[in-house]
Amino acid sequence: MVHILLLILKAIGILILVLLGLVLAVVCLVLFVPVCYEAGGSWKDKPAGKGKISWLFGAVSLSAGYDGDESGLTAGVRLFGQKLWEMDKEKEAPETHRPLDEETLRGTDAERKEPEEKKTTLWEEKRIPAASAENPQKALPKNPQPRPEPEDKRHTEHKKKDVFGRIKVFLEKLKFSFQSFCDKLKNIQNIAEEKKAWLEDEENQASLKLLWKQTGRFLRHVCPRGGKGSVTFGFEEPYLTGQVLSAAALIYPFFEGNLEICPVFDETVFEAEGSFKGRIRAGYLLWLGLGILRDGHTRRMLFGFLKGSAV
């Protein structure tokens with residue numbers, strides 16, 4: 001009896017270990033297997049591009065593309081190379097117009113005649129009855145009403161009082177708005193002093209440095225690791241082309257070797273093409289988040305900011 005009980009417990013333990021191993025394997029796959037992405041596009045008279053996101057060495061992939069047409073959007077999901085869902089180019093078929101029958105033509109003719117009949121009846125109803133011998137007073141016009149008299153002095157005085165009243169109300173509103181503006185300036189000054197004191201605090205400065213450091217690591221990890229592109233642009237005015245080229249020179253060092261800029265000074269043109277790829281690991285992002293939450297002051301500051309924004 002005890003031997004059978006031990007065998008049952010052994011089988012249950014093996015099953016639990018197998019389940020824990022599967023859960024651990026799934027967690028490791030999610031945390032350490034990167035999500036890869038790649039995209040490319042071009043702009044020559046019309047935009048076109050394509051992109052793809054894959055995970056588990058391409059076992060799960062999501063792709064999308066656009067070739068510049070109205071119905072040129074395509075997308076699809078694959079699992080181990082098999083299509084789970086795909087959206088192809090679909091163009092609506094043109095509608096076919098049926099020929100009109102004799103009955104519909106008769107109906108349209110009758111509809112056209114109806115407004116004319118209605119007009120005649122309305123004109124007969126609105127027609128003024130003519131005078132007759134039996135009722136001669138019917139055609140006589142009614143007594144004309146006297147015309148309104150021109151504005152007198154009282155009306156002009158009332159108008160002046162109304163104008164002075166409006167000016168007084170306007171001055172009161174102007175005084176109130178000036179006072180409220182001064183109050184806002186005082187509030188802004190108080191807020192600036194509070195923020196200055198908050199920034200001068202050593203613990204807050206350390207938390208901000210930590211957030212800045214982790215944000216830089218996040219951006220370096222998420223940004224593409226490889227790519228190449230070219231941009232050709234130009235305007236009819238060489239001066240404007242030179243201004244744009246000087247502005248592009250500020251960001252060119254960040255893409256040196258991967259981006260080619262070709263200015264054109266004698267015509268208006270814009271063409272661009274490029275492609276890039278990168279990868280994101282969930283484990284690294286989790287490590288960055290834990291690095292922020294380990295610091296007690298930074299954690300309290302973030303939670304307080306989130307509560308304040310929620311309120």
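Two strands pair if DSSP finds at least two bridges between them. Strands themselves are DSSP runs of E with at least two residues, and helices are runs of H or I with at least four residues, both numbered from the N terminus. The model is predicted, so local features need pLDDT of at least 70 and side-chain atom pairs count only at pLDDT 80 or more, while totals for chains, interfaces and linings use all residues. Residues are numbered from 1 along each chain as its sequence is written, and side-chain values use heavy atoms, with hydrogens and water left out.

Strand pairing comes first. Strand β1 covers residues 35-44, and strand β2 covers residues 46-55. The two run antiparallel and are joined by ten bridges. Ser42 stands opposite Ala48 in β2. Val35 has Trp55 in β2 as its bridge partner. The hairpin of β1 and β2 has one residue between the strands. In this hairpin, Asp45 takes a positive phi near 70°.

β1 also pairs with strand β8, residues 269-280. The sense is again antiparallel, and the pairing runs over nine bridges. Cys36 stands opposite Arg279 in β8.

On the β3 side, β2 is joined to β3 by seven bridges. These strands run antiparallel too. Lys50 stands opposite Gly65 in β3. In a regular strand the side chains alternate between the two faces of the sheet.

β2 and β3 form a hairpin with four residues between them. Leu56 sits in the turn of this hairpin. Its phi is near 60°, a positive value in a residue other than glycine. The loop that holds Leu56 lies between β2 and β3, which spans 60-66.

Buried means under 20% relative accessible area, exposed means over 50%, and partly exposed lies in between (1.4 Å probe, protein chains only). Leu56 has a relative accessible area of 22%, so Leu56 is partly exposed. Ala48, in strand β2, is partly exposed because its relative accessible area is 25%. Ala48 and Asp69 are 21 residues apart in sequence. In space, their C-alpha atoms are 8.7 Å apart.

Phe80 also has a positive phi, of about 55°, although it is not a glycine. Phe80 lies in the loop between β4 (73-79) and β5 (82-87). With a relative accessible area of 61%, Phe80 is exposed.

The structure holds one salt bridge (a side-chain nitrogen of Lys or Arg within 4 Å of a carboxyl oxygen of Asp or Glu). The side chains of Glu86 and Lys83 meet in this contact, at 3.0 Å from N to O. Lys83 is at 51% relative accessibility and therefore counts as exposed. Glu86 has a relative accessible area of 40%, so Glu86 is partly exposed.

Disulfides were examined next. A disulfide is a covalent bond between the sulfur atoms of two cysteines. The criterion is a pair of cysteine sulfur atoms within 2.5 Å. The structure holds zero disulfides. Cys223 is at 39% relative accessibility and so counts as partly exposed. Cys262, at 27%, also counts as partly exposed.

A pocket is an open set of points where a 1.4 Å probe fits, with protein on both sides within 12 Å along at least five of seven lines. In a cavity, by contrast, the probe fits but cannot get out. Grid points are joined across faces, edges and corners, and a volume is the space filled by probe spheres set on the points.

The largest pocket has a volume of about 360 Å³. It is lined by 16 residues, where lining means having an atom within 4 Å of a point. The closest to its centre are Gly227, Lys228, Phe255, Asn258 and Phe276. The largest share, five residues, comes from β6. By class, the lining of the largest pocket divides into seven nonpolar, six polar and three charged residues. Here Ala, Val, Leu, Ile, Met, Phe, Trp, Tyr, Cys and Pro count as nonpolar, Asp, Glu, Lys and Arg as charged, and the others, Gly among them, as polar.

Methods:
On a 1 Å grid over the protein atoms alone, a cavity is a set of points where a 1.4 Å probe fits but cannot get out, and a pocket is an open set with protein on both sides within 12 Å along at least five of seven lines; lining residues have an atom within 4 Å of a point.
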